[in-house]
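Me: I would like to learn how to read the features of a model like this one. Please take the overall fold before the details.

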Amino acid sequence: MTLYNHEYWMAKAIQLAQKGLYTTHPNPRVGCVLVKDQNIIGQGFHAKAGEGHAEVNALADAKQQDVVGATVYVTLEPCSHQGKTPPCADALIKAGVACVVYGMQDPNPEVSGRGLKKIQQAGIEVIGPILEADCEALNPGFIKRMREGLPYVRVKLAMSLDGRTAMESGESQWITGPDARLDVQRLRAQSDAIVTGIGSVLADNPSMTVRIDNKDQDIDPKEVRQPLRVIMDTALSIVPEAKILYPTKQAWLFSVEEEVEAEHLEALSKKGVTVRFSPRGDDGRLDLLDAMEQLADAGINEVLLESGAELAGGFLQAGLIDEIIVYMAPKLLGSSARPLFTLPLESMDEAVELTLKSVRQVGQDVRLIYLPTYLEEDN
């Protein structure tokens, strides 16, 4: 079978994996197709944690068709360990498939390669990686958490044509139009956690929830999973009535322990709020790296940062931002309005370089996605 054919069928598996974009947390998005005599005889994707993996669903989809001798195309190496579901490698071996073509190896260093080795030892041909970069793009957060112990962080910003996010008074509703705001809801829906700062909470009292209506053809509102809401609140100055703390048991507060009053902590705990502590960083503020490590330890793959300029600047200076998403509106807010990032830069030598990843018109606004160049320097 030619490389072209392998890429064709793997592309089909990638399309299937994308169906789990909003639902698989904390598991990766995976797609699988079974091919025999150049026809798909079964296909599946992983939809939710605890439910069948892509390979098992594809085998089930084949029903009464003979899968013996079939070729399996799967975007991620089949698992070899017992979790909430049995090992997929065992299921493929038992089914009698002839070949497994994989998109990428499992990024977990403790299990990477074991599923493929198990399949090979059973006498099944293994080919790959195929369309590896495209398969990796399905799960940037899962991959980064496995490899680096950190979540993948996107920062979402809305600005005017002159690069301003709010008026000097803080007024910011609405800079962008309804299409851009709907696009943000999709970003929230695919994120495991939304992070903001206490300044934004006190100023705007936001809910930071996913709000999808039946008009959105890309997402079933019934399948929407509300992400964890995370507030960086060094002095724990939030009030228990803040909208962002509801629904209960879906909010974390990061604070510095010595600044917390026991009485206030107890009141928040009774509301179902989880308070986590991080040390002070070198700048005297909450250590953002430590907070992100704690989120990764809790299984958080993808983080959406929605905050003011100060916290966004702090994340950027700490090297924690993987992707900058800017919605630019056809408006001018003036020179006294607020900037995108608070960055104490004094010369062109200190300028933060960005690489443009994509440009797309969203309604009357333009969505720009940038990658910080420090990511390229690390690779």
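**Overall fold**

Reply: For 379 residues, a compact globule would have a radius of gyration near 21 Å, and the 23 Å of this chain agrees with that. The radius is taken over C-alpha atoms, and the globule rule is 2.2 Å times the number of residues to the power 0.38. This is a predicted model, in which local features need pLDDT of at least 70 and side-chain atom pairs count only at pLDDT 80 or more, while totals for chains, interfaces and linings use all residues. Residues are numbered from 1 along each chain as its sequence is written, and side-chain values use heavy atoms, with hydrogens and water left out.

Me: How many helices and strands does the chain have?

Reply: Helices (H or I, at least four residues) and strands (E, at least two) are DSSP runs, numbered from the N terminus. The chain has 12 helices and 14 strands. Its C-alpha trace spans about 65 × 45 × 45 Å along the principal axes.

Me: What share of the residues is buried?

Reply: Buried means under 20% relative accessible area, exposed over 50%, and partly exposed in between (1.4 Å probe, protein chains only). Here buried residues make up 49% of the 379. As for contacts, meaning heavy atoms within 4.5 Å, residues 24 or more positions apart account for 69% of those with a separation of 6 or more.

Me: Why do the buried residues of helix 2 line one face?

Reply: An α-helix has 3.6 residues a turn, so residues three or four places apart point the same way. In helix 2 (residues 54-62), the buried residues are Ala-54, Glu-55, Ala-58, Leu-59 and Ala-62. Seen down the helix axis, they fall within an arc of 135°, so they line one face of helix 2. The arc is that of the directions from the helix axis to the C-beta atoms. These buried residues pack against strand 1 (31-36), strand 2 (39-45), strand 3 (71-76) and helix 3 (88-95). Just after helix 2, Lys-63 has a positive phi of about 55°.

Me: Which residues does UniProt list for "binding site"?

Reply: UniProt positions are given in the numbering used here, with shortened feature names, and annotations may be inferred rather than shown by experiment. One unreviewed "binding site" listing in UniProt holds Ser-172, Arg-188, Arg-211 and Glu-306. Arg-188 is in helix 7 (residues 178-190) and is buried, at 7% relative accessible area. Beyond four places in sequence, its contacts include Arg-211 and Glu-306.

Me: Where does Glu-306 lie, and which side chain does it join by a polar contact?

Reply: A polar contact is a pair of N or O atoms within 3.5 Å; within protein, one must be able to donate a hydrogen and the other to accept it, and residues adjacent in sequence count only if both atoms are side-chain atoms. Glu-306 lies in the loop between strand 11 (302-305) and helix 11 (309-317), and is buried at 7%. Its side chain has a polar contact of 3.3 Å with that of Lys-156. The backbone oxygen of Glu-306 is reached by the side chain of Thr-196 at 2.7 Å. Thr-196 is in strand 7 (residues 193-197) and is buried, with a relative accessible area of 0%.

Me: Is Ala-309 buried or exposed?

Reply: Ala-309, in helix 11, is buried, with a relative accessible area of 16%. Leaving out residues up to four places away in sequence, Ala-309 touches Pro-339, Leu-340, Phe-341 and Thr-342.
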